[in-house]
Amino acid sequence: MSTFCTSDGVNLSYIEDGKGHPVVLIQGFTAPAASWALTTDALVAVGYRVIAFDRRCHGESETPVFGQRMARHGRDIGELLEHLGLNDATLVGASMGGNAIWAYVDQFGPDRLRAIVIADQTPKMLNSPDWPYGHYGYEASNAGTYFANGIRTTGRGRDWAKSAPQLARLTERLGGPPAFRDPAAPETIKLLNDHALQDWRDVVERVARPVLMMAARESQLWPCEHAEAAIAANPFGRAVIIEESGHAISFDQPDRFNAVLLEFLDDTVTERGSVTLQP
């Protein structure tokens with residue numbers, strides 16, 4: 001683990017491996033950077049430099065009582081890129097990690113980025129007449145209380161038990177189960193509620209970089225159609241639905257996730273040198 005100190009005095013951790021075009025991996029709510037191990041292995045094996053980032057209050061990073069909002073998480077990504085001197089990175093975000101990327105782009109723009117990959121994260125979690133692809137059951141009428149005690153079971157999508165074989169594979173690779181943070185801790189509940197109220201659709205629409213939105217066919221949290229809808233107005237966007245997968249695509253279908261990611265990287269990192277911005 002390596003660390004750097006943010007502008008507000010928080011020590012954040014990251015794991016770095018490999019050489020080549022930089023790919024920054026950002027996990028979802030409560031998940032540690034170490035849980036990207038299977039993806040890191042696949043990327044490093046074909047010549048990429050991988051930085052797996054622990055957001056504040058995640059993994060090995062410090063747990064301050066402040067800064068638990070998406071804007072600050074986006075700023076932390078910006079400060080990580082600055083710390084590492086990255087000006088041509090591909091950002092990969094799973095779940096909440098995906099919307100942390102949009103929080104970064106919203107504040108700093110895409111100048112430091114080559115491309116963006118989002119794994120099963122709707123850009124707007126609150127359902128509305130113009131956006132029926134939010135979190136199941138989350139409406140304006142219950143927006144103030146829906147996530148007061150954490151993420152609710154929706155009764156939709158893939159049975160979580162079906163993830164066990166692939167989680168066992170990750171556990172074997174790590175030498176133990178990944179260390180998720182407490183989803184009911186006060187600082188994580190605060191972040192979750194801020195995350196749930198955001199709307200990043202205009203950021204997704206306007207970013208002039210290749211964007212891949214992966215969606216899980218059997219997501220337990222929202223309809224898979226969110227991916228196609230999110231990039232409908234962006235000429236650089238594409239959407240892929242991962243079959244036989246629940247929300248945590250890199251856990252449920254790591255090989256398929258890695259194959260789709262590598263194919264996208266091959267399309268956007270031509271000979272590891274130039275960017276493809278063809279619609």
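Reply: A disulfide is counted when a pair of cysteine sulfur atoms lies within 2.5 Å. This is a predicted model, and the structure holds zero disulfides. Take Cys57. Cys57 is in no disulfide, because the nearest cysteine sulfur, that of Cys5, is 14 Å away, against a cut-off of 2.5 Å. Cys57 is buried, at a relative accessible area of 1%. Cys224 also counts as buried, with 6% relative accessibility.

Now to a contact of Cys57. Pro64 touches Cys57, along with Val10, Arg56 and Glu187, once neighbours within four places in sequence are left aside. Pro64 sits in the loop between strand E4 (48-53) and helix H2 (70-84). The relative accessible area of Pro64 is 9%. That value is under 20%, so Pro64 is buried. Pro64 and Asn11 are 53 residues apart in sequence, yet their C-alpha atoms are 9.5 Å apart in space.

H9 covers residues 254-268 and includes Asn258. H9 has 15 residues and reaches 21 Å from first C-alpha to last, close to the 21 Å expected at 1.5 Å a residue. Its buried residues are Pro254, Phe257, Asn258, Val260, Leu261, Leu262, Phe264, Leu265 and Thr268. An α-helix has 3.6 residues a turn, so residues three or four places apart point the same way. Asn258 has 7% relative accessibility and therefore counts as buried. Asn258 is in contact with Leu38, Thr39 and Ala42, not counting residues up to four places away in sequence.

Methods
Residues are numbered from 1 along each chain as its sequence is written. This is a predicted model: local features need pLDDT of at least 70, side-chain atom pairs count only at pLDDT 80 or more; totals for chains, interfaces and linings use all residues. Side-chain values use heavy atoms; hydrogens and water are left out. Helices (H or I, at least four residues) and strands (E, at least two) are DSSP runs, numbered from the N terminus. Buried means under 20% relative accessible area, exposed over 50%, partly exposed in between (1.4 Å probe, protein chains only). Contact means heavy atoms within 4.5 Å. The expected span of a helix is 1.5 Å times one less than its number of residues.
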